Amino acid sequence: MADRERDRFVALAFCRADILLELDDEHDVVFAAGATQFLLGLGPDQLRHKSFLDLVAEPDRALAAEMLDAARAQGRIDDVVVRLSGPGTRRPNVAMAGYRVPDFDNHFFLALKVEPALQAERLSETQLKRDDETGLLDEASFASQAAERALAFKRAGGRPQITVIKVENFAEMTTALGTSERREVMNTVGDILAKHSLGGGTAGRISEDSFSYLHRDDVDPEEVSSMISDAAKRLFNGDVKTTGQTLDADGAGLAEHQVAKAIAHTIRRFSEEGHLDKKKSISQVLTGMVSDTIENVAFIRRVVAGRDFDMAFMPICDLRVERIHHFEALTRYRDAKPGTSPYHLFCLAEEVGIVHELDLAVVDTTIRTIGDMVAKRGLMPSVAINLSGQSLSNPRFVEDLRMLLRRSGIQPRKLMFELTESVRIDHLTEVNNVIQSFRNLGFRFCLDDFGSGAASFDYLNALDIDVVKFDGPVIKRAAASQKGSDLLASMARMCASMGVRTAAEMVEDKRMAGRVYQCGVDFGQGYYFGKPEFDPYVFADRFMTGA
């Protein structure tokens, strides 16, 4: 009868799982059932007495071990995604769920389900993006993976924490190194952070000198920072100062996507400002984000209604002669809170679906500002205005923009639109049709932030535009190494072959200007050529005729 009852419970469990396992206190298999032959290459009887961790693919063993360890005190494991070590080269993804049962000799009971539907909104291993130099996850991939693992570890009974760390002057010091030395430093930093992160792979590079990692509460962040400082001194005899902050990645009942958003906000804020106020947990961060969001949306609405902003103009120069070919118009809010980034307000407007209102107000204000200045001071080069791809996907915005441009009477050759990549464009064919309708009138279009993501090449393939602007990190890598220069040169040649001109942003000095020019880039933008100015005529002696 006991065997029959067990068979009944096993049958019921298969409504949820593809493999059922019972593990002893040492994590060895004492019972197995299900599709073990197909997924693991071994039958249920062959699995007995084998270590469960040996059945998990090597990259995920540390994560599985930490989850089991955290669940020892009757904690639950809820759908932690790991890869199995299948027959041949197969490594099927499964969701691992289960708990430890005191009444059954404190054994673990696990259910493994192949390719769970819950993965649809999560990044797969192939979708995870990594930093080329350190091998760490990029910002978006880290936020997503850290949120998933933090909540799973918390449910299992662990106390996950997230640490953000800034290595002062790291970019400047490593730029001076040779290629092999720089690679060794980057690999070492990446290895240190990955080794101390939850599961051995929950660490990310947030910017040139900022990093973050999710970890157990028994990891000492100060010791990890000291390891990085010691490695820097050993590898290139440099005194490196690190600053960091640790928060509880508690989740506090939040959904995974909310935690991911809070983590992304946390690491970005720390990267830019070097501190996180007095926040002690991710839930406090999210609470503050909600409050800030409500306040900032109201601010954007007021700005749009009252045109309560001014336009600054940043020069973009022809690299052949270092004269100003055109300007980029940048929004400067009059009554924004100190530290508020115009770019973050722009991204917020995209997230809440009001960016088309902001874009239209910016275009209107820019055209009026240009008109007033030209009437008083004389001709000036053309001006590029940023537009969200989300706005160009909005038929109402497109029609309002047509009416605004027609009513203003501005000459099309005096205006360019920079299409930002801050939010993904889904309907590329429709957006390209819109772009061509404006290009046919004489307006030019630039694809901004090229090279910052895989979508860039999709956009270049689908959108017929006039200029491509390379993202700042692409330019920095070109200035730092021959490999970076070769990559930039190849992209510039590709654009030139399609009749598309190119621009480089974040050109900070004469050496960088010379390097990107040698790579075949047409235009340069950065502090070397000039900072944004409310009065573009301070650059009048460098205006390029006929631009």
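## Cysteines

A disulfide is a pair of cysteine sulfur atoms within 2.5 Å. Go by that rule in this predicted model and you end up with zero disulfides.

Cys 317 has 0% relative accessibility, so it counts as buried. Cys 446 has a relative accessible area of 2%, and because the cut-off for buried is under 20%, Cys 446 is buried too.

## Helix α12

Now find helix α12, which runs over residues 355–377. Its 23 residues reach 32 Å from the first C-alpha to the last, close to the 33 Å you'd expect at 1.5 Å a residue. Just after α12 comes Gly 378, with a positive phi of about 100 degrees.

Which residues in α12 are buried? The list includes Val 355, Leu 358, Val 362, Ile 367, Ile 370 and Met 373. Asp 359, Asp 364, Thr 365 and Thr 366 are also among the buried ones. Here's a handy bit of background: an α-helix has 3.6 residues a turn, so residues three or four places apart point the same way.

## The nonpolar cores

The largest nonpolar core has 77 residues. Those touching the most other members are Leu 392, Leu 405, Leu 415, Phe 417, Val 468, Phe 470 and Leu 488. Helix α12 gives the most to this core, with eight residues.

Zoom in on Leu 488. Leaving out residues up to four places away in sequence, Leu 488 touches Phe 470, Val 474, Ile 475, Ala 478, Val 516, Cys 519 and Val 521. Apart from this core lies another one, of 51 residues, and its members include Val 29, Leu 47, Leu 55 and Met 67.

Definitions and conventions:
Residues are numbered from 1 along each chain as its sequence is written. This is a predicted model: local features need pLDDT of at least 70, side-chain atom pairs count only at pLDDT 80 or more; totals for chains, interfaces and linings use all residues. Side-chain values use heavy atoms; hydrogens and water are left out. Buried means under 20% relative accessible area, exposed over 50%, partly exposed in between (1.4 Å probe, protein chains only). Helices (H or I, at least four residues) and strands (E, at least two) are DSSP runs, numbered from the N terminus. The expected span of a helix is 1.5 Å times one less than its number of residues. A nonpolar core is a set of buried Ala, Val, Leu, Ile, Met, Phe, Trp, Tyr and Cys residues joined through side-chain atoms within 4.5 Å. Contact means heavy atoms within 4.5 Å.
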